[in-house]
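Hello,

Here is the structure we talked about handing over. My notes on it follow below.

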Amino acid sequence: MKRSLRKALLGGIALGFAGMAAGQAMAAEDTIKVGILHSLSGTMAISETTLKDVMLMLIDEQNKKGGLLGKKLEAVVVDPASDWPLFAEKAKQLLEVDKVAATFGCWTSVSRKSVLPVFEQDNGILFYPVQYEGEESSRNVFYTGAAPNQQAIPAVDYLMNEEGVERWVLEGTDYVYPRTTNKILEAYLKAKGVKAEDIMINYTPFGFSDWQTEVAAIKTFGSAGKKTAVVSTINGDANVPFYKELGNQGIKATDIPVVAFSVGEEELAGLDTKPLVGHLAAWNYFMSSEAPENAEFIKKWQAFIKNDKRVTNDPMEAHYIGFNMWVKAVEAAGTTDTDAVIDALVGVAVPNLSGGYSAMLPNHHITKPVLIGEIQADGQFNTVWETSGLVPGDEWSDYLEGSKDLISDWRAPLSCGNFNAKTGKCMGTVTQ
Amino acid sequence: MRLTAASKLLVIILTLLVWASWPAARGDSFDDAGVLLAGKYPEIEQGVALLAASGDPAAASALQALSAGQLLIGPDKALYIESDDGTLVTARDGAKIEGERPAGLKPVKVNNRIRRAIEAAMGQLTLLSSDPAQRARAASSLFDNPDPAQLAMVDGALRQESDPAIKLLLEQARAAILLATPETTDDDKLAAIEVLAARGDQKAKVLLSNAAATGSTSVADAANAALAKIERSLALWSAAQSVYYGVSLGSVLLLAAIGLAITFGVMGVINMAHGEMVMLGAYTTFVVQEVIRTSAPGLFDYSLLIATPLAFLVSGLFGVAIERSIIRFLYGRPLETLLATFGLSLVLQQGVRSIFGPTNREVGNPSWMSGSVDVGGLALTYNRLWIILFSIAVFVLLIVLLRKTMLGLQMRAVTQNRRMAASMGIRTDWVDSMTFGLGSGVAGIAGVALSQIDNVSPNLGQSYVIDSFMVVVFGGVGNLWGTLVGAVSLGIANKLLEPVAGAVLGKIAVLVLLVLFIQRRPRGLFPVKGRAVET
């Protein structure tokens, strides 16, 4: 009796496992997995958490429309916690264990550089939604954020032409994006005739909170009689004490305007913005845009997140564009196979949230309008200048010696991210 | 002279014409401005210029409202001003709009260029205002934007002005205008240079360098002499400013480290969870502010006063609990204590993350902590000033506690010789718990102060635990005065190096110097004499 009971139990357990495995296999075949690789804790959580949420909303919306290729989309969310090596580990996990069809993620350039070898080795697709410094073009990455010619250069042009700025402070966080962007901007400013003593460059670590000395230095540099502006590539929550110190030391936007590249509606949501009115940001989308698609997007977003005070920002629009492009490409290719989708993505055009269209170029960048906005007392931006048309992203800066001859074109037969137009050779390694 | 009938008639007609056209002229400038203000930015600038030139007192309030984003325009191009409490008045004559608002009101667009134009215009419009603060602002604005055409107006205002401070500003504005006018005589320029030399700040320096570059030899000599004097005094003030920044950084380090000095000093326990005690204090402040925001918004300015004792209690109780449950079993085993408290810090961080979320929480500054005050050439920001005073107060309280109370006496006895103290009847394990609680409570108070200058997130403690250990080791374990001197000197060293080497290298340099120092004096600046702390 005992023996048969044991046998029955063992048999039952075995059946149970088999059933679970079969069930899982069946479930796996019924969904397409989409990876979300954004920091949900640490110094970058202030910026990246909302991108995870908007991806969940987009996936949910797509599932309501019937999914993709007849299957439901399944979000796989991981938290790399603002720890750059952990980004690479999590990316490996997404590609090798979860076998995601595409990943939407990263914010800081150092996180993107950390996951780049993983995506190239495991042949995955990464949609990178944040403005960055260029000098990179990978077959496996689609850059839906701004290249320097779609954000940094137009911002400097605005300050030079409209505000008459003659002295420049380049203030950044100490990592690759601000360092490279400032290299490009310094070369650009010097090409426009700005003298070296009219440019001050300064770097601070992530999470820096004691801004007294830096802000005093900006004040002193700005009282030399020429109009001065600060170009800020400060990332993460170090922005909060920076703006507070600016307000406390009495630096008004009418005296020394600060144009930021990594401060959007989301970062301003945790600040009292009344002392900041008049400071600037350069983006390709503002929540205050009056296009009807934008109003609809905001309504859906606030309903999804169940909070009518949550804001939208440019990287969220970049994910909106990137996700819709990916869906369109998968439908065109008829499969989620990486190589087919990569080829199908070039040339895809989807509407953006400012009333126009965005197209995917052969260098894996998209066309975007450039907007300069001033901070308002309610944390929104008021557009004070915009380009008349769309600007195509160009990752190889025309102002740096090693890059001005390079072009990127991932279509056959060129299939090269850094083709030297002068020598007619593909440079081979992807990054500079 | 007897006027003929014809000339009498002419006078009457002329008077009637002027009288009839006067309100219309007033109205015209607002009408014309309204049309321009509805357009794009270049047209809005023209509208601002029109209002400024009209000389109308109502124009001044309209321009001020525009600068603050409170000037509204309707579809019929009529202008309205909305005050902070929501009441609407017409811009033209200040008549209040009762009942329903006109439909389709939108704020007039404004950007930095327009705000600058308004600032300059306000200077001219409000120079003779009855409000002394407005006159002072107007005089400063005229100094910042010297315009030779305004010289007569400034002279007129000087004749009428009674307030000595505003008179000084007007004299400086006059000096700036004279130096900006090429036709000024050398004597006048020399007098102007003297006025600016007395002012002695950065703006005066700029004007003097321009005068030196463009004037005659005597003028250039006088300007250069004044410049040399100003530069010397500015260099001194800048050094004093760096010292002030160093003292404020030192006060932050002191607050964070003093609790650790007590626990590390009295019990030799390496508490890696010390940073989390600070973090708990900061979150207590957040919770107190949330409660005040929802139930008693008027008390917001007192939120820090309410939060301080609460933060002390919360962190203190946590400290006592930690001591009773974990540390007590690990005395004499420093490595295990280190590991256990490190694990505890991770648990606390994750706990706070689960309850409050991983993103930063907003802790607001009360109104008395925003802004700054100018003392001589120093700009002292209020939040840092209050934190310096606060840390001195906490330090003094702790010294008093240690010297004058029974608990302090027992703590000192246990530090010096535990076994003897136990033989004297002191309950050493109770004293240990109270010491740990006190140290953690003080860390909680530090968290209240830190919430005002740093982001409140679960990782807040991590940025301060290393610095706290640095200060305690440098100053001498167990010695409060050592902690004070250590904190202030580390802060000043850091802030003196920062303008020279940058933030990253400055910190590295300080750490390297500290390591070298510890090689020479391993027990710190002020080591506690007597038998070493044993358990």
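A residue is called buried here if 20 or more other C-beta atoms lie within 10 Å of its own, exposed if 12 or fewer do, and partly exposed in between, with C-beta atoms placed from the backbone. By that count, 42% of the 535 residues in chain B are buried.

Two notes on the source: this is a predicted model, in which local features need pLDDT of at least 70 and side-chain atom pairs count only at pLDDT 80 or more, while totals for chains, interfaces and linings use all residues. Residues are numbered from 1 along each chain as its sequence is written, and chains are lettered from A and ligands numbered from 1 in the order in which they are written.

Chain B

Chain B has 19 helices and 6 strands (DSSP runs numbered from the N terminus: H or I of at least four residues for helices, E of at least two for strands). Its radius of gyration is 33 Å, well over the 24 Å that the globule rule gives for 535 residues, so chain B is more spread out than a compact globule. The radius is taken over C-alpha atoms, and the rule is 2.2 Å times the number of residues to the power 0.38. The C-alpha trace of chain B spans about 120 × 65 × 40 Å along its principal axes.

One residue in detail: B:Gln134 lies in helix H5 (residues 132-144) of chain B. B:Gln134 counts as partly exposed because it has 17 C-beta neighbours inside 10 Å. Leaving out residues up to four places away in sequence, B:Gln134 touches B:Thr126 and B:Ser129 (contact means C-beta atoms, placed from the backbone, within 7 Å). From B:Gln134 to B:Ser423 is 289 residues in sequence and 73 Å in space, C-alpha to C-alpha.

Where the chains meet

In the contact between the chains, 41 residues of chain A meet 38 residues of chain B. On the chain A side, the largest share, 5 residues, comes from H7(A). That side of chain A divides into 15 nonpolar, 19 polar and 7 charged residues. Nonpolar covers Ala, Val, Leu, Ile, Met, Phe, Trp, Tyr, Cys and Pro; charged covers Asp, Glu, Lys and Arg; the others, Gly among them, are polar.

Domains of chain A

Chain A is divided into domain 1 (29-147 + 293-369) and domain 2 (149-285 + 372-392), with bounds from an automatic or database domain assignment. The centres of domain 1 and domain 2 of chain A, taken over C-alpha atoms, are 27 Å apart. Their contact takes 28 residues from domain 1 of chain A and 28 residues from domain 2 of chain A.

Regards

Terms used. Contact = placed C-beta atoms within 7 Å.
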